[in-house]
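This briefing accompanies the sequence and structure shown below.

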Amino acid sequence: MDSTFFDQYHDRSNTGAYKWEAHKVPGPYYSPVPADEIVPMWIADTDFATAPSVVEAIAKRISHPLFGYTIPSPEYFAAISRWHKNRYGNPDVKARHILNHTSVLAGVGAAIEAFTIPGENILVNQTTYTGFQSTVKNLGRFLVYSPLKKDENGIYRMDFEDMEKKIVSEKITMMIFCSPHNPTGRVWEKEEVESVVNLCAKHGVKLVSDEIWADFVVDPTCHHTPTRSVSDKAKEITISMYAPSKTFNLAGLAGSYSVTYNPLLKDKMSKVVEANHSGAVSILSIAACTGRYQGGSEYENSFGGVKYRLPYLPSLEEQAAMLNELFPDAYEAAVKEAGIEPVDRPEAEVLSMDLANGVVLKVTVTVKPEVKIGQYKGLEAVKTVKAVEDSAVDAEIDRMRERNARILTREGAAENGDITDIDFEGF
């Protein structure tokens, strides 16, 4: 398999795909719009086909006609363990550490219910995944935000001083740590993960580490570090969340799992999961996860090629700057090719901008009109001659004299037509 696998088009019309069909029903997030105007900007649910190993595993399970209550097979746990060893260099994941959940947020919710009580505060880095916000709110807890800050290179960093201040002042007992971070895309360096662990361990804070995006790390200069792997302290306080849904496009199968080394933490989590039945993942989800981890590395490695075939998508400001820089030369070339002579400033409209076709502009400009001279030789013109009387000339001269006359001061008696100043004082 290579990255061309991801060039295949799959029409998802009438399949119930949320991203393509939710607009049909008015709701808080969608308004009815024409189907041809929808552009879903989703990463959590891509339009790439899932790995062949997943499809094959599901097909194999479906070939058996019974779908009763099912327990995960040893192959399921072995596949997870092998994946963590091969992908993250973490060989210690065993079946006893794994707990199933219907989704990562279901697992996060189980941890919240297991280790906090309603009204307590939970720490997250801001900006944060909206799923954390709704889950915490719906369970009657409150989020405390510690903002991420950009360094001099524009890289998001955690503010550990602020985090510690919030932990103390807000009496924090749990932190939800997103690694890699959603939505900034930061792949935390090992030293940063260690600092988070040390801070939480220092203040007795349970650490829920959402690592669902770990398999999306395809940049060879970055490496995902499982939170629980950085130290013995991490093993004691960390509940790590995973799911195949993001990388392998399996969200509709509703399945995830957590990895918890501390048996006391896992036991308490298990009781919550048993109580709310949030660990009842489906038969096909188990089959898909097993197939994903048994044969998904080729898919994931090829998926990395997609990222490197896609050029950097600039911001709107950067796009405008690039257009301003490139437009003059492109416009001059287009004018020359069209053989026109503009006489005014051009008005440009961006018709489309995409990776395949680049930028398509519509430019409107006023040009010199094309003049065609008709038959003009032999044309006759009638000259009109108007007679002017002397009296009319004299009258016009008088008007000119009047318009240009000046007032002069002279001594003597006033005469008819003179303008006089009178200094009069009356009693």
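By about how much of a helical turn are Asp-162 and Lys-166 separated in helix H6? The two residues are four apart in that helix, so about one helical turn lies between them. Their side chains meet in a salt bridge, with N and O at 3.1 Å, and both Asp-162 and Lys-166 are buried. The model discussed here is predicted.

**Overall form**

- The protein chain contains 14 helices and 11 strands.
- Its radius of gyration is 39 Å, whereas a compact globule of 427 residues would have a value near 22 Å.
- Taken along the principal axes, the C-alpha atoms occupy a box of roughly 130 × 85 × 40 Å.
- Of the 427 residues in the protein chain, 37% are buried.
- The accessible surface amounts to about 27,300 Å², and carbon and sulfur atoms account for 55% of this area.
- Where contacting residues are at least 6 apart in sequence, 69% of the contacts join residues at least 24 apart.

**Nonpolar cores**

- In soluble globular proteins, nonpolar side chains tend to be buried together.
- The largest nonpolar core has 27 residues, and Val-108, Phe-115, Ile-176 and Met-269 touch the most other members.
- Helices H4 (104-115), H5 (130-138) and H10 (263-276) and strands S2 (121-126), S6 (174-178) and S8 (238-242) each contribute at least two residues to this core.
- The greatest contribution to this core comes from H4, with seven residues.
- Beyond its neighbours within four places in sequence, Val-108 contacts Phe-132, Ile-176, Val-208 and Met-241.
- Another core, of 23 residues, lies apart from this one and includes Tyr-76, Ala-79, Trp-83 and Tyr-88.

**Helix H11**

- Helix H11 covers residues 283-295, and its 13 residues reach 18 Å from first to last C-alpha, close to the 18 Å expected at 1.5 Å a residue.
- Because 10 of its 13 residues are buried, H11 is largely enclosed by the rest of the structure.
- The buried residues include Ile-283, Ala-288, Cys-289, Arg-292 and Tyr-293.
- The buried residues of H11 pack against helices H2 (52-62), H3 (74-88) and H9 (245-248), as well as strand S9 (256-260).

**Salt bridges**

- Side chains of opposite charge can pair when their charged atoms come close.
- The whole structure holds 16 salt bridges.
- One of them joins Arg-12 to Asp-45, with the closest N and O atoms 3.0 Å apart.
- This pair links distant parts of the chain, 33 residues apart: Arg-12 is in the segment before helix H1 (18-21), and Asp-45 is in the loop between H1 and H2.
- Asp-45 has a relative accessibility of 13% and therefore counts as buried.
- A salt bridge also connects Asp-47 with Lys-19, where the closest N and O atoms are 3.4 Å apart.
- Here Asp-47 lies in the loop between H1 and H2, and Lys-19 lies in helix H1, 28 residues apart.
- Lys-19 counts as buried at 5% relative accessibility, whereas Asp-47 counts as partly exposed at 28%.

**Glu-164 in helix H6**

- Glu-164 lies in helix H6, residues 160-169.
- Its relative accessible area is 24%, so Glu-164 is partly exposed.
- With neighbours within four places in sequence set aside, Glu-164 contacts Leu-199, Lys-202 and His-203.
- Glu-164 and Ser-195 are 31 residues apart in sequence, and their C-alpha atoms are 11 Å apart in space.

Key:
Residues are numbered from 1 along each chain as its sequence is written. This is a predicted model: local features need pLDDT of at least 70, side-chain atom pairs count only at pLDDT 80 or more; totals for chains, interfaces and linings use all residues. Side-chain values use heavy atoms; hydrogens and water are left out. The expected span of a helix is 1.5 Å times one less than its number of residues. Buried means under 20% relative accessible area, exposed over 50%, partly exposed in between (1.4 Å probe, protein chains only). Contact means heavy atoms within 4.5 Å. A nonpolar core is a set of buried Ala, Val, Leu, Ile, Met, Phe, Trp, Tyr and Cys residues joined through side-chain atoms within 4.5 Å. The radius of gyration is taken over C-alpha atoms; the globule rule is 2.2 Å times the number of residues to the power 0.38. Accessible areas come from the Shrake-Rupley method with a 1.4 Å probe; for residues, only the protein chains shown count as cover. A salt bridge is a side-chain nitrogen of Lys or Arg within 4 Å of a carboxyl oxygen of Asp or Glu.
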